[in-house]
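Reader: I've got a structure to go through with you. Can we talk about what's packed inside?
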Amino acid sequence: MVAPRWPVNVGSVPHRSLFRYPGGKTWLVPLFRRWMQSLEPRPRVLIEPFAGGGIIGLTAAFEALAEEVLLVELDPQVAAVWQTVLEGDGEWLAKRILGFDFNPRSIAEVLADDSDSRRCRAFQTILRNRVAHGGILARGAGQIKQGEAGRGIRSRWYPETLARRIRDMASVRSPVRFVEGDGFEILEAHRDQEDAVFFIDPPYTAGGKRAGARLYDHHVVDHERLFALCAELRGDFLLTYDHCDAVGELAARHGFETKAVAMKNTHHAKMTELLIGRRLGWIEGCPVTGESSEGNTCRKRAEHRAATALGCGAPGRVAGPPARGRERCERQCQWSGWRPRAVV
(Lines give C-alpha, C1' and ligand atoms only; values in the text may rest on other atoms or scores of the structure.)
Protein backbone atom coordinates (compact mmCIF):
# COMPACT_ATOMS: atom_id res chain seq x y z
CA MET A 1 0.00 0.00 0.00
CA VAL A 2 1.25 3.49 -0.83
CA ALA A 3 1.86 6.29 1.63
CA PRO A 4 -1.12 8.45 2.54
CA ARG A 5 -1.74 11.56 0.46
CA TRP A 6 -2.27 15.01 1.98
CA PRO A 7 -5.84 16.34 2.13
CA VAL A 8 -6.86 19.59 0.45
CA ASN A 9 -9.87 21.86 0.91
CA VAL A 10 -13.30 20.50 -0.02
CA GLY A 11 -15.21 23.74 0.44
CA SER A 12 -16.39 23.61 -3.16
CA VAL A 13 -18.02 20.18 -2.78
CA PRO A 14 -21.82 20.62 -2.65
CA HIS A 15 -23.44 19.16 0.48
CA ARG A 16 -26.46 17.23 -0.83
CA SER A 17 -27.23 14.79 1.98
CA LEU A 18 -29.89 15.36 4.63
CA PHE A 19 -27.80 13.53 7.21
CA ARG A 20 -24.89 14.38 9.44
CA TYR A 21 -23.58 10.89 8.93
CA PRO A 22 -20.69 9.32 10.86
CA GLY A 23 -18.34 8.06 8.18
CA GLY A 24 -19.94 10.29 5.54
CA LYS A 25 -18.08 10.54 2.25
CA THR A 26 -18.31 14.22 1.27
CA TRP A 27 -14.51 14.31 1.41
CA LEU A 28 -14.38 11.60 -1.28
CA VAL A 29 -16.60 13.34 -3.85
CA PRO A 30 -13.74 14.79 -5.98
CA LEU A 31 -12.11 11.36 -6.26
CA PHE A 32 -15.45 9.70 -6.94
CA ARG A 33 -16.00 12.10 -9.84
CA ARG A 34 -12.55 11.27 -11.16
CA TRP A 35 -13.30 7.54 -11.03
CA MET A 36 -16.67 7.86 -12.77
CA GLN A 37 -15.25 10.08 -15.49
CA SER A 38 -12.53 7.51 -16.16
CA LEU A 39 -15.10 4.85 -17.06
CA GLU A 40 -15.94 4.25 -20.72
CA PRO A 41 -18.72 4.09 -21.67
CA ARG A 42 -20.63 6.04 -19.03
CA PRO A 43 -22.20 3.55 -16.60
CA ARG A 44 -25.90 2.90 -16.98
CA VAL A 45 -26.45 2.54 -13.24
CA LEU A 46 -24.50 3.36 -10.08
CA ILE A 47 -25.40 1.05 -7.18
CA GLU A 48 -24.64 2.05 -3.59
CA PRO A 49 -25.48 -1.02 -1.44
CA PHE A 50 -24.64 0.64 1.91
CA ALA A 51 -26.12 4.05 1.14
CA GLY A 52 -26.37 5.70 4.57
CA GLY A 53 -26.39 9.45 3.93
CA GLY A 54 -26.05 8.80 0.20
CA ILE A 55 -23.74 11.69 -0.74
CA ILE A 56 -22.00 9.63 -3.42
CA GLY A 57 -25.20 8.46 -5.07
CA LEU A 58 -26.67 11.97 -4.89
CA THR A 59 -23.56 13.42 -6.51
CA ALA A 60 -23.88 10.94 -9.37
CA ALA A 61 -27.56 11.82 -9.80
CA PHE A 62 -27.15 15.60 -9.68
CA GLU A 63 -24.16 15.56 -12.03
CA ALA A 64 -25.47 12.82 -14.37
CA LEU A 65 -22.38 10.66 -13.83
CA ALA A 66 -24.57 7.60 -14.44
CA GLU A 67 -27.89 7.22 -16.22
CA GLU A 68 -29.56 5.92 -13.05
CA VAL A 69 -28.73 5.62 -9.34
CA LEU A 70 -29.82 2.82 -7.00
CA LEU A 71 -29.47 3.44 -3.26
CA VAL A 72 -29.83 0.54 -0.82
CA GLU A 73 -30.07 0.79 2.97
CA LEU A 74 -30.99 -1.78 5.62
CA ASP A 75 -31.57 0.59 8.55
CA PRO A 76 -35.35 1.22 8.72
CA GLN A 77 -34.87 4.69 10.21
CA VAL A 78 -32.67 5.86 7.36
CA ALA A 79 -34.82 4.00 4.84
CA ALA A 80 -37.91 5.92 5.99
CA VAL A 81 -36.21 9.20 5.10
CA TRP A 82 -35.15 8.08 1.64
CA GLN A 83 -38.58 6.59 0.89
CA THR A 84 -40.36 9.73 2.04
CA VAL A 85 -38.17 12.06 -0.02
CA LEU A 86 -37.98 9.94 -3.18
CA GLU A 87 -41.49 8.47 -3.27
CA GLY A 88 -43.73 11.51 -3.23
CA ASP A 89 -43.72 12.94 0.29
CA GLY A 90 -40.65 15.18 0.06
CA GLU A 91 -42.67 18.41 0.11
CA TRP A 92 -44.54 17.25 3.23
CA LEU A 93 -41.21 16.56 4.96
CA ALA A 94 -39.77 19.93 3.92
CA LYS A 95 -42.80 21.78 5.33
CA ARG A 96 -42.73 19.69 8.53
CA ILE A 97 -39.10 20.68 9.08
CA LEU A 98 -39.73 24.36 8.35
CA GLY A 99 -42.76 24.50 10.63
CA PHE A 100 -41.31 22.58 13.58
CA ASP A 101 -41.20 24.47 16.90
CA PHE A 102 -37.65 23.54 17.90
CA ASN A 103 -37.43 23.35 21.70
CA PRO A 104 -36.48 20.64 24.22
CA ARG A 105 -40.08 19.67 24.97
CA SER A 106 -41.16 19.29 21.33
CA ILE A 107 -37.95 17.42 20.50
CA ALA A 108 -38.59 14.95 23.33
CA GLU A 109 -42.18 14.41 22.16
CA VAL A 110 -41.12 13.64 18.58
CA LEU A 111 -38.29 11.32 19.61
CA ALA A 112 -40.64 9.39 21.93
CA ASP A 113 -43.29 8.93 19.24
CA ASP A 114 -43.76 5.26 18.22
CA SER A 115 -46.01 5.98 15.23
CA ASP A 116 -46.07 3.49 12.36
CA SER A 117 -46.38 6.34 9.86
CA ARG A 118 -43.42 6.36 7.47
CA ARG A 119 -43.56 10.14 7.15
CA CYS A 120 -43.48 10.58 10.93
CA ARG A 121 -40.56 8.17 11.23
CA ALA A 122 -38.72 10.10 8.52
CA PHE A 123 -39.08 13.39 10.39
CA GLN A 124 -38.17 11.70 13.67
CA THR A 125 -34.99 10.32 12.08
CA ILE A 126 -33.94 13.68 10.64
CA LEU A 127 -34.53 15.33 14.01
CA ARG A 128 -32.66 12.61 15.91
CA ASN A 129 -29.75 12.84 13.48
CA ARG A 130 -29.55 16.60 13.89
CA VAL A 131 -29.69 16.71 17.69
CA ALA A 132 -27.56 13.62 18.40
CA HIS A 133 -23.91 13.95 19.26
CA GLY A 134 -21.98 13.43 16.01
CA GLY A 135 -25.23 12.65 14.17
CA ILE A 136 -25.12 9.09 15.54
CA LEU A 137 -28.42 7.23 15.10
CA ALA A 138 -27.43 4.07 16.98
CA ARG A 139 -29.29 3.23 20.17
CA GLY A 140 -27.86 4.92 23.24
CA ALA A 141 -26.35 7.91 21.41
CA GLY A 142 -26.42 11.08 23.48
CA GLN A 143 -27.57 14.52 22.40
CA ILE A 144 -25.45 17.57 21.60
CA LYS A 145 -24.59 19.56 24.70
CA GLN A 146 -22.32 22.54 24.08
CA GLY A 147 -22.51 22.36 20.30
CA GLU A 148 -21.07 24.70 17.70
CA ALA A 149 -20.33 28.24 18.93
CA GLY A 150 -22.08 27.40 22.20
CA ARG A 151 -25.46 27.04 20.45
CA GLY A 152 -26.09 23.70 22.12
CA ILE A 153 -28.73 21.43 20.67
CA ARG A 154 -29.64 24.01 18.01
CA SER A 155 -26.17 24.06 16.50
CA ARG A 156 -26.96 21.51 13.77
CA TRP A 157 -30.61 22.34 13.13
CA TYR A 158 -30.76 24.18 9.79
CA PRO A 159 -34.42 23.94 8.67
CA GLU A 160 -34.09 26.14 5.57
CA THR A 161 -31.03 24.20 4.37
CA LEU A 162 -32.69 20.84 4.94
CA ALA A 163 -35.88 21.90 3.16
CA ARG A 164 -33.86 23.21 0.21
CA ARG A 165 -31.92 19.95 -0.09
CA ILE A 166 -35.16 17.95 -0.08
CA ARG A 167 -36.68 20.13 -2.79
CA ASP A 168 -33.47 20.06 -4.83
CA MET A 169 -33.77 16.29 -5.09
CA ALA A 170 -36.81 16.78 -7.32
CA SER A 171 -34.51 18.34 -9.95
CA VAL A 172 -31.82 15.66 -10.17
CA ARG A 173 -30.53 14.99 -13.69
CA SER A 174 -30.50 11.20 -13.29
CA PRO A 175 -33.34 9.25 -11.62
CA VAL A 176 -32.71 7.89 -8.13
CA ARG A 177 -34.34 4.67 -6.96
CA PHE A 178 -34.28 3.43 -3.36
CA VAL A 179 -34.53 -0.10 -1.96
CA GLU A 180 -34.81 -0.91 1.74
CA GLY A 181 -32.90 -4.13 2.05
CA ASP A 182 -29.69 -6.10 2.34
CA GLY A 183 -26.79 -4.73 0.31
CA PHE A 184 -25.40 -8.25 -0.15
CA GLU A 185 -28.59 -9.38 -1.87
CA ILE A 186 -28.44 -6.41 -4.23
CA LEU A 187 -24.81 -7.14 -5.09
CA GLU A 188 -25.68 -10.74 -5.88
CA ALA A 189 -28.70 -9.71 -7.98
CA HIS A 190 -26.55 -7.36 -10.10
CA ARG A 191 -23.40 -9.48 -10.12
CA ASP A 192 -23.54 -10.16 -13.88
CA GLN A 193 -24.60 -6.66 -14.96
CA GLU A 194 -21.74 -5.24 -17.05
CA ASP A 195 -23.16 -1.72 -17.34
CA ALA A 196 -23.48 -1.30 -13.56
CA VAL A 197 -20.80 0.12 -11.27
CA PHE A 198 -20.75 -0.13 -7.49
CA PHE A 199 -19.68 2.27 -4.77
CA ILE A 200 -19.35 0.15 -1.63
CA ASP A 201 -18.85 1.78 1.79
CA PRO A 202 -19.65 -0.80 4.50
CA PRO A 203 -19.51 -0.22 8.27
CA TYR A 204 -15.87 -0.33 9.37
CA THR A 205 -15.75 -3.48 11.49
CA ALA A 206 -13.03 -5.47 9.69
CA GLY A 207 -9.98 -6.53 11.67
CA GLY A 208 -11.73 -6.14 15.01
CA LYS A 209 -12.45 -2.43 14.52
CA ARG A 210 -15.35 -1.16 16.62
CA ALA A 211 -16.14 2.16 14.92
CA GLY A 212 -18.97 0.67 12.86
CA ALA A 213 -20.45 -1.15 15.85
CA ARG A 214 -20.47 2.07 17.86
CA LEU A 215 -22.00 4.22 15.14
CA TYR A 216 -24.65 2.03 13.50
CA ASP A 217 -27.35 -0.35 14.71
CA HIS A 218 -26.88 -2.47 11.56
CA HIS A 219 -23.13 -2.96 11.65
CA VAL A 220 -22.59 -6.72 11.22
CA VAL A 221 -20.81 -7.32 7.89
CA ASP A 222 -19.21 -10.50 6.54
CA HIS A 223 -16.13 -8.83 5.06
CA GLU A 224 -14.73 -12.04 3.59
CA ARG A 225 -17.98 -12.60 1.73
CA LEU A 226 -18.08 -8.95 0.60
CA PHE A 227 -14.62 -9.14 -0.98
CA ALA A 228 -15.49 -12.47 -2.62
CA LEU A 229 -18.64 -10.90 -4.10
CA CYS A 230 -16.67 -7.93 -5.41
CA ALA A 231 -14.31 -10.34 -7.19
CA GLU A 232 -17.33 -11.80 -9.00
CA LEU A 233 -18.86 -8.49 -10.14
CA ARG A 234 -18.85 -7.97 -13.91
CA GLY A 235 -19.05 -4.20 -13.48
CA ASP A 236 -16.37 -2.02 -11.94
CA PHE A 237 -16.44 -1.14 -8.23
CA LEU A 238 -14.85 1.18 -5.71
CA LEU A 239 -14.59 0.07 -2.08
CA THR A 240 -13.77 2.32 0.87
CA TYR A 241 -12.45 0.88 4.11
CA ASP A 242 -10.64 1.64 7.31
CA HIS A 243 -6.87 1.68 6.82
CA CYS A 244 -5.76 -1.48 8.63
CA ASP A 245 -3.64 -4.55 7.90
CA ALA A 246 -6.61 -6.95 7.87
CA VAL A 247 -8.27 -5.03 5.03
CA GLY A 248 -5.00 -4.80 3.08
CA GLU A 249 -4.58 -8.56 3.37
CA LEU A 250 -8.14 -9.17 2.14
CA ALA A 251 -7.53 -6.92 -0.87
CA ALA A 252 -4.21 -8.61 -1.71
CA ARG A 253 -5.78 -12.04 -1.46
CA HIS A 254 -8.33 -11.11 -4.15
CA GLY A 255 -5.82 -9.30 -6.37
CA PHE A 256 -7.28 -5.81 -5.77
CA GLU A 257 -5.30 -2.58 -5.81
CA THR A 258 -5.32 -0.26 -2.77
CA LYS A 259 -4.57 3.42 -2.28
CA ALA A 260 -4.33 5.12 1.11
CA VAL A 261 -5.96 8.55 1.08
CA ALA A 262 -5.86 11.30 3.66
CA MET A 263 -9.01 12.71 5.22
CA LYS A 264 -10.13 14.54 8.36
CA ASN A 265 -12.70 13.20 10.79
CA THR A 266 -15.43 15.26 12.46
CA HIS A 267 -12.90 16.43 15.07
CA HIS A 268 -10.50 17.55 12.29
CA ALA A 269 -7.97 14.87 13.18
CA LYS A 270 -6.00 13.72 10.15
CA MET A 271 -6.68 10.07 9.30
CA THR A 272 -6.34 7.74 6.36
CA GLU A 273 -8.79 5.46 4.60
CA LEU A 274 -8.30 2.88 1.87
CA LEU A 275 -9.69 2.98 -1.62
CA ILE A 276 -9.88 -0.51 -3.12
CA GLY A 277 -10.61 -1.56 -6.69
CA ARG A 278 -9.44 -3.63 -9.62
CA ARG A 279 -7.60 -0.73 -11.28
CA LEU A 280 -6.82 2.53 -9.51
CA GLY A 281 -4.55 4.10 -12.10
CA TRP A 282 -7.06 6.93 -12.52
CA ILE A 283 -6.06 8.29 -9.12
CA GLU A 284 -2.42 8.96 -10.03
CA GLY A 285 -1.48 12.63 -9.81
CA CYS A 286 -4.79 13.53 -8.25
CA PRO A 287 -4.62 15.53 -5.01
CA VAL A 288 -6.89 13.93 -2.42
CA THR A 289 -9.31 15.88 -0.29
CA GLY A 290 -10.66 15.28 3.16
CA GLU A 291 -13.51 16.54 5.32
CA SER A 292 -16.02 14.09 6.76
CA SER A 293 -18.48 16.55 8.29
CA GLU A 294 -20.49 19.48 7.02
CA GLY A 295 -18.48 21.88 9.14
CA ASN A 296 -18.98 25.56 8.35
CA THR A 297 -17.90 25.48 4.71
CA CYS A 298 -19.99 27.39 2.23
CA ARG A 299 -19.95 26.53 -1.44
CA LYS A 300 -20.71 30.06 -2.55
CA ARG A 301 -17.82 31.49 -0.56
CA ALA A 302 -15.51 28.79 -1.92
CA GLU A 303 -16.62 29.48 -5.49
CA HIS A 304 -16.11 33.19 -5.00
CA ARG A 305 -12.59 32.69 -3.59
CA ALA A 306 -11.63 30.35 -6.42
CA ALA A 307 -13.11 32.64 -9.07
CA THR A 308 -11.35 35.63 -7.55
CA ALA A 309 -8.02 33.82 -7.50
CA LEU A 310 -8.46 32.77 -11.13
CA GLY A 311 -9.63 36.18 -12.29
CA CYS A 312 -12.61 34.54 -14.01
CA GLY A 313 -15.45 36.92 -13.42
CA ALA A 314 -15.56 37.40 -9.65
CA PRO A 315 -16.63 40.90 -8.59
CA GLY A 316 -13.84 43.40 -8.02
CA ARG A 317 -11.12 41.46 -9.80
CA VAL A 318 -9.90 41.94 -13.35
CA ALA A 319 -6.51 40.29 -13.60
CA GLY A 320 -5.62 36.81 -12.37
CA PRO A 321 -2.79 35.92 -9.97
CA PRO A 322 0.79 35.16 -11.03
CA ALA A 323 1.11 32.08 -13.24
CA ARG A 324 2.41 29.75 -10.55
CA GLY A 325 -0.38 30.57 -8.10
CA ARG A 326 -2.90 30.40 -10.91
CA GLU A 327 -1.75 26.90 -11.84
CA ARG A 328 -2.14 25.73 -8.26
CA CYS A 329 -5.65 27.17 -8.06
CA GLU A 330 -6.62 25.66 -11.41
CA ARG A 331 -5.43 22.24 -10.26
CA GLN A 332 -7.45 22.47 -7.06
CA CYS A 333 -10.55 23.57 -8.97
CA GLN A 334 -10.03 20.77 -11.47
CA TRP A 335 -9.86 18.00 -8.90
CA SER A 336 -12.64 19.38 -6.72
CA GLY A 337 -14.88 19.36 -9.80
CA TRP A 338 -15.48 23.11 -9.68
CA ARG A 339 -15.34 25.04 -12.93
CA PRO A 340 -15.36 28.83 -13.38
CA ARG A 341 -18.70 29.97 -14.71
CA ALA A 342 -18.81 31.42 -18.21
CA VAL A 343 -19.03 35.21 -18.26
CA VAL A 344 -22.15 36.27 -20.19
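**Buried residues and ring pairs**

Author: Keep in mind that this is a predicted model.

Reader: Which residues have the most contacts inside the largest nonpolar core?

Author: Nonpolar side chains tend to be buried together in soluble globular proteins. Here the largest nonpolar core has 61 residues. There is also a second, separate core of 28 residues, which includes Tyr 241 and Ile 276. Back in the largest one, the residues with the most contacts are Leu 18, Met 36, Leu 46, Leu 127 and Trp 157.

Reader: Are Phe 32 and Phe 199 stacked or edge-to-face?

Author: There are eleven aromatic pairs by the count used here. In this one, the ring centres of Phe 32 and Phe 199 are 6.2 Å apart and their planes are at 70 degrees. Planes over 60 degrees apart count as edge-to-face. The 70 degrees passes that cut-off, so Phe 32 and Phe 199 are edge-to-face.

Reader: How many residues apart in sequence are the parts that this pair, Phe 32 and Phe 199, ties together?

Author: Phe 32 belongs to helix 1 (residues 29-38), while Phe 199 belongs to strand 5 (residues 196-200). Phe 32 is buried at 0% relative accessible area, and Phe 199 is buried too, at 0%. The pair therefore ties together parts whose separation in sequence is 167 residues.

Reader: What about Phe 100 and Phe 123: how far is it centre to centre?

Author: Those two form an edge-to-face pair, with 70 degrees between the planes. Phe 100 is in the loop between helix 4 (90-99) and helix 5 (104-112), and Phe 123 is in helix 6 (residues 118-131). Both Phe 100 and Phe 123 are buried. Centre to centre, the distance is 5.2 Å.

Reader: Which residue has its charged end over the ring of Phe 123?

Author: Phe 123 is part of a cluster, linked by ring pairs, with Phe 100, Phe 102 and Trp 157. A charged end also sits over its ring, 4.2 Å from the centre, and it belongs to Arg 96.

Technical notes: Residues are numbered from 1 along each chain as its sequence is written. This is a predicted model: local features need pLDDT of at least 70, side-chain atom pairs count only at pLDDT 80 or more; totals for chains, interfaces and linings use all residues. Side-chain values use heavy atoms; hydrogens and water are left out. A nonpolar core is a set of buried Ala, Val, Leu, Ile, Met, Phe, Trp, Tyr and Cys residues joined through side-chain atoms within 4.5 Å. Buried means under 20% relative accessible area, exposed over 50%, partly exposed in between (1.4 Å probe, protein chains only). Rings of Phe, Tyr and Trp (its six-membered ring) pair if their centres lie within 6.5 Å; planes under 30 degrees apart count as stacked, over 60 as edge-to-face and the rest as tilted. Helices (H or I, at least four residues) and strands (E, at least two) are DSSP runs, numbered from the N terminus. A charge sits over a ring if NZ of Lys or CZ of Arg is within 6 Å of the ring centre and within 35 degrees of the ring normal.
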